[in-house]
Amino acid sequence: MDFTQAAKLGSCLSKDYAEDFFALLATYRNISASEAASRLNLHIKTAQDFLEDLFSLGIADREEVSEGKRPYFRYNLAVRQISMNLDLNPLFPAEDPEKERLGLKIREAQNSRARFTTSRSNDYISSVVIWSGEGRERRERKLNLSIPQGRFLFHLPFPTAEPVSIEDIAVRAGIEGNNIPEIIDIVNVLIDFEVIEGTAPSTRP
């Protein structure tokens, strides 16, 4: 099950009429959207959408019938149990692109319109505040950092300094290997906000 399917299932189950709807499906051999809407005192569009979501998730089956009038669907419950098994593996960063990203040389951008707040212990950055827009359109975005991210940014070269690779900064900051994905994530975010500028590593031998 992917996130789209999980969100759809979660939306169905969160409805205040969900249990009554499932009880209805469990009781009837099959039922139409209009019959279900009438029985549960719902708008027919609400019942139709619910049944179609169940059908798309494989929880309900449907059969088209005409009975001398315009064709419509009758639905029946296809399962007796619902299990949610959400695969998170696709969300983990790919290892090879991550290694390539480590060679990116970065530094703080000139005139970034960002404020780095140092921790009380003065050995890592606790948050970054970024401003965008002008006048009444001026907006503030605050990013609270994990401690590894804060230690990494504490060693970020200033705008006037030579850029340093992500890998070298991570070594200086004492960042462990299992924290590298979150480091690369915050670097990517700050590049998007133009708080950090990056230079691709040279490919020359």
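**Exercise 1. Which residue forms a salt bridge with Asp49, and how many Å apart are the closest N and O atoms?**

Before the solution, two remarks on the model are needed. Residues are numbered from 1 along each chain as its sequence is written, and side-chain values use heavy atoms, with hydrogens and water left out. This is a predicted model, in which local features need pLDDT of at least 70 and side-chain atom pairs count only at pLDDT 80 or more, while totals for chains, interfaces and linings use all residues.

*Solution.* Step one is the criterion: a salt bridge is a side-chain nitrogen of Lys or Arg within 4 Å of a carboxyl oxygen of Asp or Glu. Step two is the pair itself, for Asp49 forms a salt bridge with Lys45, and the closest N and O atoms are 2.8 Å apart. Step three places the pair: Asp49 and Lys45 are four residues apart in helix α4, and are therefore separated by about one helical turn. Helices (H or I, at least four residues) and strands (E, at least two) are DSSP runs, numbered from the N terminus. Step four concerns exposure, where buried means under 20% relative accessible area, exposed over 50%, and partly exposed in between (1.4 Å probe, protein chains only). Asp49 counts as partly exposed at 34% relative accessibility, and Lys45 is partly exposed with a relative accessible area of 48%.

**Exercise 2. Find how many salt bridges a search of the whole structure gives, and describe the one between Arg74 and Glu35.**

*Solution.* The search of the whole structure finds four salt bridges. In one of them, the side chains of Arg74 and Glu35 meet at 2.9 Å, N to O. Arg74 lies in strand β3 and Glu35 in helix α3, so this pair ties together parts that are 39 residues apart in sequence. The two partners can then be taken in turn: Arg74 is buried, with a relative accessible area of 14%, whereas Glu35 counts as partly exposed at 35% relative accessibility.

**Exercise 3. Which parts of the chain does the pair of Glu52 and Arg62 link?**

*Solution.* The side chains of Glu52 and Arg62 meet in a salt bridge of 2.8 Å, N to O. This pair links distant parts of the chain, with Glu52 in helix α4 and Arg62 in strand β2 (residues 60-65), ten residues apart. Glu52 counts as partly exposed at 25% relative accessibility, and Arg62 counts as partly exposed at 31%.

**Exercise 4. Where do the buried residues of helix α2 lie, seen down the axis?**

*Solution.* Begin with the list: in helix α2 (residues 18-27), the buried residues are Ala18, Phe21, Phe22, Leu24 and Leu25. Seen down the axis of α2, these residues fall within an arc of 155 degrees, so they line one face of the helix; the arc is that of the directions from the helix axis to the C-beta atoms. On the other side of α2, Glu19, Ala26 and Thr27 are exposed. The buried residues of α2 pack against α1 (3-14), β1 (31-32), α3 (33-40), α4 (44-56) and β3, where contact means heavy atoms within 4.5 Å.

**Exercise 5. Describe the largest nonpolar core and the elements that build it.**

*Solution.* A nonpolar core is a set of buried Ala, Val, Leu, Ile, Met, Phe, Trp, Tyr and Cys residues joined through side-chain atoms within 4.5 Å. The largest one has 26 residues, of which Ile106, Val128, Phe152, Leu153, Ile166 and Leu190 touch the most other members. The elements that give two or more residues to this core are β6 (125-132), α6 (147-154), α7 (166-173) and α8 (180-192), and α8 gives the most, with six residues. Leaving out residues up to four places away in sequence, Phe152 touches Ile106, Ile166, Ile169, Ala170, Ala173, Ile175, Ile183 and Val187. Apart from this core lies another, of 20 residues, with Leu9, Leu24, Phe50 and Ala60 among them.
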